[in-house]
Amino acid sequence: MPDGKLWGCSDRNAEVAPERNQRVDRLEIERLGGLAGFGGPGSRIKSKGEVALADLSAADRQAVADLFDKKTSIPPPKPDAFRYRITRQTAEGTQTIEAPEDIVPPALRDSVRDTLE
Amino acid sequence: MCTCFIVPRDILTKLAQDPLLPPEIRKAAADTARIAHEIRLLRIQALRLTSVASMLETPVSALAAAPAVTVYDCKHTQTLPGTPLGSPEGTEDDSARRTYEETTKVAKFYKDVFGRNSIDNGGMTMMSSIHYGNRFNNAMWNGSQMLYGDGDNSIFIDFTKGNDVIGHELTHGVTQHSLQLEYRDDAGGLNESLSDCFGSMFRQWEKNQDSASADWLIGSDIMGPTARGRNITCLRDMADPAGAHCLAAQPTQYSQVTPGMDPHYSSGPPNLAFCTACKTLGGKSWEKIGQVWYRSLTGFGPSPEMKMPDFANRTRQVASQMFGGTPAVGGAVDAGWKAVGL
């Protein structure tokens with residue numbers, strides 16, 4: 001995101017690349033924000049991970065589905081709190097949402113690893 | 001009052017309704033969901049009370065002449081607030097002792113320099129939780145307390161080692177009880193910048209540094225060996241927001257700020273404006289320019305969606321009112337904002 005716009009949700013029904021079609025069983029996770037400004041346009045710290053849907057509990061899978069379906073109430077952002085960008089592949093294309101730390105299942109939060117670029 | 005829950009309420013509700021789970025588990029989930037919901041309502045109500053109380057002409061009576069400072073140990077969990085520490089000032093836990101001492105000093109800084117009695121100006125207890133999470137690379141203000149991670153000892157070390165970090169987090173509380181800036185767009189960038197300004201001022205005040213000798217770095221004391229090995233010496237640099245030595249470089253001009261930006265990115269221009277104003281005037285940051293920023297933050301009631309140009313104009317107005325006999329103050333404030341295109 002070169003313009004630094006990191007807030008809100010987006011449904012990106014972009015064309016799905018063939019190799020990404022093979023990843024429909026996985027979620028891509030990126031941790032953003034925090035005191036250090038993770039993942040910002042000028043940031044050298046990134047925090048990314050992946051989760052296999054099969055490794056999630058039924059409750060966590062449902063929680064993720066509810067996030068994408070906007071059935072979960074989104075609390076207002078808190079200063080310096082992390083938020084998470086979650087991307088999934090569907091038959092319709094790529095979908096990406098962003099959610100504050102409080103409502104992201106721990107299994108997703110724990111999947112990311114912090115690295116310097 | 002904790003606003004963070006390990007298990008989201010929607011999941012608790014589903015668990016409570018899952019016929020495959022034992023009755024006692026379903027009951028526990030239902031009870032927890034109910035409590036979580038009520039606490040969320042309580043938090044919303046508390047924010048409304050904060051807003052109304054701050055608009056009263058007569059301030060609410062002080063809880064205490066000076067705030068109590070409490071420290072809790074999360075013991076590497078994310079359960080808040082954690083176990084209370086009876087005597088954090090006398091413990092062998094360096095994080096606990098440091099958190100107690102530095103939080104107490106922040107209270108003294110706000111009292112002695114700005115005449116403010118704690119976060120809410122009413123003697124509110126300053127509550128901190130340490131050892132939050134497992135190698136947690138963050139610190140934050142959650143609406144009612146501070147929490148600090150230990151860092152991963154690679155990119156970051158213990159977040160309590162940054163006195164500017166502690167000042168930064170507590171200032172988020174001050175902002176919540178004064179301007180009440182939202183955490184998005186211009187207001188979000190201002191919110192972050194005010195925490196950096198007062199966090200840096202606190203650090204300079206502790207060292208009795210003037211603006212010329214201060215380094216103006218944010219988070220330089222929490223950078224770990226891996227970050228330092230790559231010549232990353234700070235989170236942000238208020239004097240050089242775009243510097244390559246910053247973990248998260250920022251824009252330097254207001255024209256680069258657009259809606260939707262992360263507040264930690266868009267805080268660059270107001271950070272540079274404050275630093276430039278302080279350096280232009282000279283002397284100690286908290287004596288004049290800091291007073292202008294503090295009055296602009298606390299003297300006008302809530303303004304949740306305030307834009308950066310409005311805050312800039314307010315500081316110009318306040319500088320004129322407070323230091324009309326010393327036009328160099330107003331000139332320095334003006335130079336600061338002009339340096340970022342405002």
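This is a predicted model: local features need pLDDT of at least 70, side-chain atom pairs count only at pLDDT 80 or more; totals for chains, interfaces and linings use all residues.

Residues are numbered from 1 along each chain as its sequence is written, with chains lettered from A and ligands numbered from 1 in the order in which they are written.

**Helix 8 of chain B**
- Helix 8 of chain B comprises 14 residues, 268-281; helices are DSSP runs of H or I with at least four residues, and strands are runs of E with at least two, numbered from the N terminus.
- Because 13 of its 14 residues are buried, helix 8 of chain B is largely enclosed by the rest of the structure (buried: 20 or more other C-beta atoms within 10 Å of the residue's own, placed from the backbone).
- Gly282(B), with a positive phi near 85 degrees, follows helix 8 of chain B.

**Contact between the chains**
- In total, 38 residues of chain B are in contact with 33 residues of chain A (contact: C-beta atoms, placed from the backbone, within 7 Å).
- Elements of chain B that each supply at least two residues to this side include helix 1 (9-16) and strand 4 (139-141).
- Helix 1 of chain B gives the largest share of the side that touches chain A, four residues.

Terms used:
The expected span of a helix is 1.5 Å times one less than its number of residues. A residue is buried if 20 or more other C-beta atoms lie within 10 Å of its own, exposed if 12 or fewer, and partly exposed in between; C-beta atoms are placed from the backbone. Two residues are in contact if their C-beta atoms, placed from the backbone, lie within 7 Å.
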